[in-house]
Amino acid sequence: MGEVKRRSLLAGAAALGGTAAGLAAPGLAAAAGPSDAASTAAVRPPGPGTGPVTLGPGDPRYASLTRRGSNGRFVGKPDHVYVVSTTEQVVAAVQRAVRDGRRIAVRSGGHCFENFVDDPSVRALIDTSPMRAVSYDAARRAFAVEPGALLGEVYRALFLGWGVTIPAGATAEVGVGGHVLGGGYGTLSRRYGLSVDHLYAVEVVVVDRSGTARSVVATRDPKDPHHDLWWAHTGGGGGNFGIVTRYWFRDPAAEGDDPTQLLPKAPASVLSFSATWNWKDVDERAFTRLVRNHGTWHEHHSAPDSPYADLFSVLMLNSRNSGTFSLVGHLDATTPDAERRLRAYVDAVGSGTGAKPAVQHAVRPWLTAVALVQESEPAPYKVKCGYLRKGYTERQLTALHRHLAGPAVDNVSGALWLVSYGGKVSTVAPDATAVAQRDSILKAVYMTSWEGEEAAGAKPLAWLRAFYRDVYADTGGVPVPGEVSDGSFINYPDRDLADPKLNTSGVPWHTLYYKDNYPRLQRVKARWDPRDEFRHALSIRPPR
């Protein structure tokens, strides 16, 4: 997956974190071995005891901070940007914003797909990017990670320092801050579960009913009086309850105090692969057969004990005008018969199509592989999503071909990615964390991008919305939880789901994201953010 770029949506890029480049980001100092000291020494503004760096539109740094979001559709214009480097500075920034009546948003890596951070109503932007420390906390027997750390930095620090990792996104430039809050999945999730399945505690800056900001630590210990706040941060999504200033990770089954045994081991090396088909060789029969094969394969190989639990893959169905589409991914190269299993997988997906893909593969060190997915400059784009519990129906397969290969896609940049899921993810109960979708086998990611102003996106957006509505026509144009679909993923937020003109299912947007967990999230919201200071277009609504 290293030859592609995140914003090159049509060529087949890699927005999988919210969905693996910046390993040499400013401030990263890799640990030489296990240590209680921070393994990442971030470059910071003024330290403890001082206030946050505060700047406004007249400051030369303002444009760099307000245009840091990955989606070029949205650029915010807050009155103030607070650049913070400690929990105390976050508390101070939040307190100032609340005192002045300014709407708050927070940014870590900048990868929100919608305008939750860059909405015109946001008047106070809190930038946590300097908070990048990764360390071992001996007192909690857990690894502490600050929200501004990028996934690539976290992988590097944990791997070089202790030989461990967390299962998280495939794009190294995604920030931990928002990624974990939606559940956090990626290249090792079929083998080890979600990021939140390893989350031990969170430190959160909240605002009480009197308008006072303070920090709270909440853990997964059921006896913790703040336990509900921890639970809400295991998939409830960002911008809902407060601002996370630190995460602690430890495998729930881990014992002892040896840090090298408290999180999953990263593989020494991976067998990366790509199989590319030319659209000229693929007619509708071959296309539907290939996508059907892919879904059937995942139905049969997504159990926790599957011999393919180490497989991560993405079927990147780029539109016909891109020329090709690909199946990319990797397996643990140290497992038995990795190359044989790879060939069997690619052969199974292409079986009966009559089209032969161009296949490439290479063994790479794990740390190299997780740094290969690069990002290009921000560009306007739109993403929609849906979980799949089974492969697409025959009607849906026909709809996929119609929109990806039909005349409507001419002069439009679009794609559908089918990302592997399941495995160890399914061993956790739907209500044990806020992530309710635990028995899905794939994530479907529908996307388009364009160049220029928002007006240039009218045709691509119309194409994407028609595509999505057609695929889910049997359930009101959205992936209503049922036999095949299982709702959507809050880290790939889509405001269309709250639009009754585009969602005619009668099923509210929050059910699509949270299913039966939503009422509990509402109760947490009422307790920890009673003034609704932290909100956006798809935020948890206080109960009525």
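1. Trp509 and Tyr518 are both buried, where buried means under 20% relative accessible area, exposed over 50% and partly exposed in between, with a 1.4 Å probe and protein chains only. The model is predicted: local features need pLDDT of at least 70, side-chain atom pairs count only at pLDDT 80 or more, and totals for chains, interfaces and linings use all residues. Residues are numbered from 1 along each chain as its sequence is written, and side-chain values use heavy atoms, with hydrogens and water left out.

2. Rings of Phe, Tyr and Trp (its six-membered ring) pair if their centres lie within 6.5 Å; planes under 30 degrees apart count as stacked, over 60 as edge-to-face and the rest as tilted. This rule gives 28 aromatic pairs.

3. In one of these pairs, the ring centres of Tyr155 and Trp366 are 5.6 Å apart and the planes stand at 65°, so the arrangement is edge-to-face. Because Tyr155 lies in helix H3 (residues 151–162) and Trp366 in helix H9 (residues 366–369), the pair ties together parts 211 residues apart in sequence. Helices here are DSSP runs (H or I, at least four residues), numbered from the N terminus. Tyr155 is buried, at 2% relative accessible area, and Trp366 is buried at 1%.

4. The rings of Trp509 and Tyr518 have centres 6.2 Å apart and planes at 70°, so this pair is also edge-to-face.

5. One aromatic cluster is formed by Phe113, Tyr185, Tyr381, Tyr387, Tyr421, Phe489 and Tyr492.

6. A charge sits over a ring if NZ of Lys or CZ of Arg is within 6 Å of the ring centre and within 35 degrees of the ring normal. The charged end of Lys384 sits over the ring of Tyr468, 4.5 Å from its centre.

How values were computed:
Helix = DSSP H or I, 4+ residues; strand = E, 2+ residues; numbered from the N terminus.
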